[in-house]
Amino acid sequence: MEIYVVQNGDNIDQIAAAYGADPEAVIFANQLIYPYELAVGQALLIPTGGRNAVRSIRSNGYAYPFISPWVLEQTLPFLSELSVFSYGFTFEGELIPPVLDDTWMIAEAWRFGTVPILTLTPFGLDGNFNNMLIHSVVQNPAYRERLIGELLWVLPEKGYGGVDIDFEYILAEDRDAFSEFVRVMAETLRPEGYQVSVALAPKTEAGQAGLLYEGKDYRAIGEAADHVLLMTYEWGYTYGPPMAVAPLDQVRRVVEYAVTEIPPEKISLGIPNYGYDWPLPYERGVTKAQTIGNIEAVRIAIENGAAIQFDERAQSPFFRYEREGVAHEVWFEDVRSLEGKFGLIREFGLRGAGYWQIMQLFRANWLLLRDWFYIEKG
């Protein structure tokens, strides 16, 4: 695979000819729409027939049960694990299944040799993370045992291959109890053939302040769980100022700290499969960005005649445009920003990559991932 950045006057036939590539393969890889307009600064993945893979990794993607069956089918060949989002629980540790049927996703995952994973989240009635749910279960052994017992029934009943614990905003006072919860969960499920993973907020030091960080002990969780996911995204987020979602310099700081606490072979790097479109000027508490797909971001640039730029420090593409008198700033992911993240996986010898989330197909990402690594299955 090669990456080409579009210049003024370029067209697909010329670009493909310069690399000796099939124009149809370039169109397919980059999900271009007829008449195949391009944005200046757009990064294209050029399939040339070679391969750069030097090692194997595990890849994971989160998906809701309302994912398009076509998108899931297109994505599963590139996934080692599929995390189905999500199962909840009550204050007393009773498991709550998703509203929509998840059995079809589990069957599809196994059809492609991908392990389906049950994602466990403490969602309250308002649909947001509720740390009092966490507190109730991790601090009460009876509730903890009830939840683990119900998981032991559901996992084989549904055909899941493991549990991913995605607890956020854990209270500092629950830090040790949460680590113990993970340990007991793993020691109970592992002999039955199930893996247990934990999603970790992106810390850069052990004593990092803040509700996202204080309740998670990297070292203790790394020792207890089979593997972890670093949630290295959301620097740029819905209510924050315009910036890269996963700036590489910040992602690197998280990885550098994580490997001092957790064996690298247990760590998966979180990768965002989306971007944001902010209306300007940004006003804290008022401005709300719109979540967009990476393919959609390029279409917005094309439709508005915007040139895509690339921030070298963040290793992330962005552009600005104006529509109906309102200025906008867009940050998203492309094959250049993804190469930077794949480089960290290779540099630090990490377990692999975990994507939040795979609801929209970004084919160039998966082709590039397969170019860089051999993807383990089963």
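The second largest cavity of this predicted model has a volume of about 90 Å³. Its lining is made up of 14 residues, and those closest to the centre of the cavity are N60, E81, D164, S197 and H227. Strand 9 gives the most, with three residues. By class, seven residues of the lining of the second largest cavity are polar, four are nonpolar and three are charged.

In total, the structure holds two cavities of 30 Å³ or more. Rolling a probe the size of a water molecule over the atoms shows where such empty space is left.

The largest cavity contains about 200 Å³ of space. A set of 22 residues lines the largest cavity, and N30, Q42, A43, I295 and V298 lie nearest its centre. At least two lining residues come from each of strand 2 (43-46), helix 10 (294-303) and helix 11 (335-348). Helix 10 gives the most to the lining of the largest cavity, supplying five residues. The lining of the largest cavity includes twelve nonpolar residues, together with five polar and five charged ones.

The two linings can be set side by side by class. Around the largest cavity, the count is twelve nonpolar, five polar and five charged residues, whereas around the second largest cavity it is four nonpolar, seven polar and three charged.

Conventions
Residues numbered from 1 in each chain as written. Predicted model: local features only at pLDDT ≥ 70, side-chain atom pairs only at ≥ 80, totals over all residues. Heavy atoms only, no water. 1 Å grid on protein atoms, 1.4 Å probe; cavity = no way out; pocket = protein on both sides within 12 Å on 5 of 7 lines; lining within 4 Å. Points joined across faces, edges and corners; volume = space filled by probe spheres on them. Helix = DSSP H or I, 4+ residues; strand = E, 2+ residues; numbered from the N terminus. Nonpolar A, V, L, I, M, F, W, Y, C, P; charged D, E, K, R; others polar.
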